[in-house]
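Here is a short report on one structure. Please read it with the sequence and the 3D view open.

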Amino acid sequence: MSENSSSSSESAVITSALPYANGEIHLGHIASTYLPADIFTRFLRLKGLKAYHICATDDFGTPILISAEKEKKSPKDYVEYWNRRDKEDFESLGILFDFFHNTSSKENVDFVQYVFKQLRENGHIYDQNVIQFYCTYDNKFLPDRYVIGRCPYCNAENQYSDLCEKCGRVPDQILEPKCAICGRPPVKEESKHYFFRLSSFEEKLRKWLLSNTHLQPDVKNYVIKWINEGLQDWDITRDLSWGVPIPLPEAEGKVFYGWFDNHLCYISSLIKLVKDRGGDGKRFWNESEIYHFIGKDIIYHHYLFLPAIRLGINSEYKLPEYIPTRGHLMLQNQKISKSRRWYIGLKDFTSAFNPDYLRFYIASVVTYSQDDLNFDFDAFYERINNELIANIGNFINRALSFTQKSFQGIVPRPSSIDDTIEKELAATVDETGRLLSSNEIDKSLKRILKYSDYMNHYFQTNSPWANKDTSNTTLYISVNAVRSLAILLEPFIPFSCEKIWVQLKLGSGSTVHQQVWESAKDIIAVPAGHELGKVEPIFRKIEAKEIEQWKNKLGKPQ
Ligand SMILES: [Zn+2]
Ligand SMILES: [Zn+2]
């Protein structure tokens with residue numbers, strides 16, 4: 001495991017891959033990208049870093065245009081609706097962005113056009129007449145997703161012309177093409193397109209990949225394998241009305257391909273955010289550590305295309321130090337699919353369950369790897385009831401309610417503090433911090449559970465109900481340990497931690513954001529004589545029948 005906490009940077013830019021402004025956010029979205037990014041950002045803030053979490057909706061592309069037409073909305077109104085809705089969905093799970101922008105914003109359009117002009121000046125763009133698929137039945141050019149066929153690399157059938165989901169590569173020319181709307185074979189028409197010379201960046205990309213020790217080795221290895229096989233230049237043009245216009249007089253009616261403009265929105269959004277706060281966005285970007293959180297389906301785009309474009313403008317905006325890449329979420333061991341109606345909308349879930357339950361469950365199963373993970377209702381039920389509630393919830397509630405009952409809610413004065421307790425806490429804070437710095441979310445949560453388990457044993461062994469002479473010390477230590485847990489757990493279960501602060505009567509809401517990670521080591525932070533707030537259980541157990549209802553509602557994939 002790499003030790004990444006030695007970084008000297010005091011600021012960080014964390015980006016989450018952009019969701020298409022074309023439908024609701026579901027459980028599959030959040031597991032690989034948004035929740036890990038949110039947990040990580042919250043942790044960096046507790047460590048005292050200035051960390052900005054950036055995201056935006058990806059507004060362009062043919063599917064969005066078609067959906068807007070179907071709903072008789074302008075594409076602009078359509079994407080504005082989904083931008084608002086997506087942000088609300090994320091917030092319902094406590095996933096907060098410092099800025100949630102959109103790729104159709106003026107800031108992004110201007111920036112994308114600027115980058116294109118720079119690339120062209122630097123000789124990285126050329127034009128070429130290409131044969132485009134055109135459906136005479138639907139009267140449309142058929143870019144990307146609108147042509148399906150056989151992958152020339154792995155021979156998988158029914159793959160999109162812009163991405164083979166089987167082998168993860170971007171086909172140069174799809175075989176046996178069909179119109180995805182009507183299924184008819186398309187005709188070919190000529191059109192002038194602009195290409196990005198990705199092939200000329202092979203050596204520079206290889207060098208960057210090999211020199212960046214923060215990238216996950218397995219991902220890096222197979223990206224290098226792609227380079228060894230030879231990279232294709234990218235056609236960055238689409239014959240569409242909805243997109244960032246190509247800023248050349250002879251390119252009227254043509255726009256950029258979505259993957260040319262969308263990742264540039266990480267930068268354009270950050271520039272706007274920092275500018276609105278009176279700062280210099282370019283400087284902030286270049287002085288910060290850059291993290292791009294993604295799912296494994298967009299490795300090609302983030303490990304090759306994105307860095308090549310930045311290299312092509314002479315690294316005016318630096319390349320990422322980290323690209324945390326994770327696998328997909330399965331639902332009940334089956335691939336999530338909106339078209340087969342096999343998914344759960346995030347808002348549906350968070351309106352039925354405490355959002356921290358989903359955060360806790362995902363955090364406890366999400367590895368720092370490309371392995372797929374699984375959402376299983378029975379495992380969810382058990383983890384929440386047996387780990388979150390029976391371990392963490394139990395300790396917090398016992399410590400606070402016993403203080404309430406036996407000391408009228410006043411934290412008692414301790415006699416002597418055993419330093420093994422202090423050492424265990426310090427070790428927990430250090431190890432959890434080290435694991436979180438290395439993006440090992442599941443392991444860091446396990447380390448906190450181990451500490452909570454230790455405190456449950458401590459409480460049980462010292463039995464304050466039986467040992468009146470030592471109960472003052474036991475309760476003093478325990479109440480302080482509850483405060484430490486409220487800091488350590490904040491990245492994972494922020495809603496519940498706010499409740500803990502209220503019950504500790506140490507302020508609420510923003511209190512935790514003023515806390516510092518290291519201060520979780522303080523076993524004497526809550527003084528003797530401090531009066532607690534109203535104490536009640538933080539969590540409610542999930543009932544078996546709730547799980548059965550959800551399973552029935554979900555049914556089977558269609
Ligand atoms: Zn393939
Ligand atoms: Zn057609």
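## Zinc ion, ligand 2

In this predicted model, Cys135 (SG), Asp138 (OD), Cys179 (SG) and Cys182 (SG) coordinate the zinc ion (ligand 2) at 2.0 to 2.3 Å. Donors are N, O and S atoms within 2.8 Å of the metal (3.2 Å for Na, K and Ca); water is not among the atoms, so sites may look incomplete. Along the chain, the donors of ligand 2 are spaced C-x2-D-x40-C-x2-C.

The four donor atoms subtend angles of 100 to 119° around the zinc ion (ligand 2), so the arrangement is tetrahedral. The ideal angle for four tetrahedral donors at a metal is 109.5 degrees. Cysteine 135 has a relative accessible area of 2% and is therefore buried. The classes are buried (under 20% relative accessible area), exposed (over 50%) and partly exposed (in between), with a 1.4 Å probe and protein chains only.

## Basis of the model

Residues are numbered from 1 along each chain as its sequence is written, while chains are lettered from A and ligands numbered from 1 in the order in which they are written. The model is predicted, with local features needing pLDDT of at least 70, side-chain atom pairs counting only at pLDDT 80 or more, and totals for chains, interfaces and linings using all residues; side-chain values use heavy atoms, leaving out hydrogens and water.

## Zinc ion, ligand 1

The zinc ion (ligand 1) is held by Cys151 (SG), Cys154 (SG), Cys164 (SG) and Cys167 (SG), at 2.3 Å. The spacing of these donors is C-x2-C-x9-C-x2-C. One pair, cysteine 154 and cysteine 167, links distant parts of the chain, 13 residues apart. Cysteine 154 sits in the loop between strand 6 (147-150) and strand 7 (159-160). Cysteine 167 sits in the loop between strand 7 and strand 8 (175-179). Helices (H or I, at least four residues) and strands (E, at least two) are DSSP runs, numbered from the N terminus.

Why is the arrangement around the zinc ion (ligand 1) tetrahedral? Because its four donor atoms subtend angles of 103 to 116°. Cysteine 154 is partly exposed, at 31% relative accessibility. Cysteine 167 is partly exposed too, at 22%.

## Second largest pocket

The second largest pocket holds about 810 Å³ of space. Its lining has 32 residues, with Ser161, Pro171, Asp172, Gln173 and Asp235 nearest the centre. On a 1 Å grid over the protein atoms alone, a pocket is an open set of points with protein on both sides within 12 Å along at least five of seven lines; lining residues have an atom within 4 Å of a point. Grid points are joined across faces, edges and corners, and the volume is the space filled by probe spheres set on the points.

Which element gives the largest share of the lining? Strand 4, with seven residues. Strand 4 (125-135), strand 9 (187-196), helix 6 (217-229) and strand 10 (234-235) each supply at least two. By type, the lining residues are 16 nonpolar, seven polar and nine charged. Here Ala, Val, Leu, Ile, Met, Phe, Trp, Tyr, Cys and Pro count as nonpolar, Asp, Glu, Lys and Arg as charged, and the others, Gly among them, as polar.

## Buried residues

Serine 269 lies in helix 8 (residues 264-276). Its relative accessible area is 0%, so serine 269 is buried. Residues up to four places away in sequence aside, serine 269 touches Ile54, Phe99 and His101. Contact means heavy atoms within 4.5 Å.

Threonine 474 belongs to helix 16 (residues 471-488). Threonine 474 is buried, at 1% relative accessible area. Not counting residues up to four places away in sequence, threonine 474 touches Tyr458, Phe459, Asn462 and Pro464. Leucine 319 is in the loop between helix 10 (299-312) and strand 14 (325-326). Leucine 319 counts as buried at 10% relative accessibility. Beyond its neighbours within four places in sequence, leucine 319 contacts Trp208, Pro307, Arg310 and Leu311.

## Positive phi in loops

Lysine 72 is not a glycine, yet its phi is positive, about 55°. Lysine 72 lies in the loop between helix 2 (62-70) and helix 3 (75-92). Is lysine 72 buried or exposed? Lysine 72 is exposed, with a relative accessible area of 76%.

Asparagine 158 also has a positive phi, near 55°. Asparagine 158 is in the loop between strand 6 and strand 7. At 56% relative accessible area, asparagine 158 is exposed.

How values were computed. Tetrahedral: all angles 85-135°; square planar, octahedral: opposite > 155°, others 65-115°. 1 Å grid on protein atoms, 1.4 Å probe; cavity = no way out; pocket = protein on both sides within 12 Å on 5 of 7 lines; lining within 4 Å.
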